[in-house]
Amino acid sequence: MNRPICPRCEINSQDKEEIERIIAQRIELLGENRADDELYKSRLSVCSRCDKLIEGTCVLCGCYVKLRAAKINQHCPLSRDVW
Ligand code: SF4
């Protein structure tokens, strides 16, 4: 299954390595809007056990969770704990 192309993030690659590189770059640019490591890891842990996570993307919000989880003011569409 191919990952969806994200119109909001303007990530137009289908290449997994390229997507990971872009996400890492975007996270570096968040500055003070970046969640701390503990929150980031906790969010990804919740997502990793969620049946709405497909190929790194939350099918409810359409976001790459690695990028969404790195932003401080985000929420889970299902209001799951930590998010
Ligand atoms: S953001 Fe919420 S609904 Fe989406 S994958 Fe993570 S835990 Fe699941």
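How do the residues of the lining of the largest cavity divide into nonpolar, polar and charged? They split into 12 nonpolar, one polar and three charged, where Ala, Val, Leu, Ile, Met, Phe, Trp, Tyr, Cys and Pro count as nonpolar, Asp, Glu, Lys and Arg as charged, and the others, Gly among them, as polar. Heads-up: this is a predicted model, with local features needing pLDDT of at least 70 and side-chain atom pairs pLDDT 80 or more, while totals for chains, interfaces and linings use all residues. Numbering runs from 1 along each chain as its sequence is written, and side-chain values use heavy atoms, leaving out hydrogens and water.

**Cavity**
- The count is one cavity of 30 Å³ or more; a cavity here is a set of points, on a 1 Å grid over the protein atoms alone, where a 1.4 Å probe fits but cannot get out.
- The largest cavity comes in at about 140 Å³, a volume being the space filled by probe spheres set on the points.
- Its lining has 16 residues, and Cys 47, Cys 50, Cys 58, Cys 76 and Pro 77 are the closest to the centre; lining means having an atom within 4 Å of a point.

**Ligand**
- The ligand takes up the space of the largest cavity, meaning that more than half of its atoms lie within 2 Å of the grid points.
- Around the ligand you'll find Val 46, Cys 47, Cys 50, Lys 52, Cys 58, Leu 60, Cys 76, Pro 77, Leu 78 and Arg 80, going by a heavy atom within 4 Å.
- That shell has eight nonpolar, no polar and two charged residues.

**Rings**
- Arg 43 sits over the face of Trp 83, 4.8 Å from the ring centre (cut-offs: NZ of Lys or CZ of Arg within 6 Å of the ring centre and within 35 degrees of the ring normal).

Technical notes. On a 1 Å grid over the protein atoms alone, a cavity is a set of points where a 1.4 Å probe fits but cannot get out, and a pocket is an open set with protein on both sides within 12 Å along at least five of seven lines; lining residues have an atom within 4 Å of a point.
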